[in-house]
Amino acid sequence: VKMIEYQEDPQGARLAMELVRGSSLRYYILDRPALVADLFVQVCAGIGALHAAGVAHRDVKPGNIMVENRKEILRPVLVDFGLATTSGEGPWEAAGTIEYVSPEVVAKAGTSTWEDLVRADVYAASVTLFEILTGDVPFCGSPRDIQRQKTLRGEDLGYGVLRLDDPVGRVALRGIAPDPADRFGTAAEMGEALAAARDLAD
């Protein structure tokens, strides 16, 4: 989301930001993989731009992505920077909505590095992608249950039942893989995978 004006005085800071005319991505359950991939290519570009500027969002989820519909052209906009942080402030506590927080950030309990936060935003985008494709988050239950589920193999969570065996679905599954080494390291890497999946889905 674009910042129009910033003012600061002894009483605090004020931001004027663009008015986004649209609805939350949480209301979109899309059965057109190519369209989903196109939306998330844009989401990844936004997350990557944040990281390049030294900012981590820390609460990427459907409710924090607005979608504008301009003459049938959908434009996703990342909003709500209440938990955002900058690269020089660490180490960091876990923050965000538990279903979308990477298991490493939770496990490190206040010792997360900047790289952890960058990868955590990409992880959250992957959980969000999964949700938009299937209508539900891949993990549920108590915080302890969710943390345990995030370390299980895909077949143990029944991903096959959710029919994500297509190019875009496989991007989502890779993004939430139990082993961090199997996931995307950056938003740009995820965006490239989505662009390739979009071309295959057309």
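Axes here are lines fitted to C-alpha atoms, for helices over the stretch in contact, and angles run from 0 to 180 degrees between N-to-C directions. This is a predicted model, in which local features need pLDDT of at least 70 and side-chain atom pairs count only at pLDDT 80 or more, while totals for chains, interfaces and linings use all residues. Residues are numbered from 1 along each chain as its sequence is written, and side-chain values use heavy atoms, with hydrogens and water left out.

**View A. The crossing of α3 and α5.** The axes of these two helices (DSSP runs of H or I, at least four residues, numbered from the N terminus) come within 8 Å and cross at roughly 140 degrees. That makes α3 oblique to α5, because angles under 35 degrees count as roughly parallel, over 145 as roughly antiparallel, 65 to 115 as roughly perpendicular and the rest as oblique. On the α3 side, the contact (heavy atoms within 4.5 Å) is made by Y123, S126, L129, F130 and L133, and on the α5 side by V168, G169, V171, A172, L173 and G175.

**View C. The surroundings of L194.** Leaving aside neighbours within four places in sequence, L194 is in contact with A37, F40, V41, C44, L129, V168 and V171.
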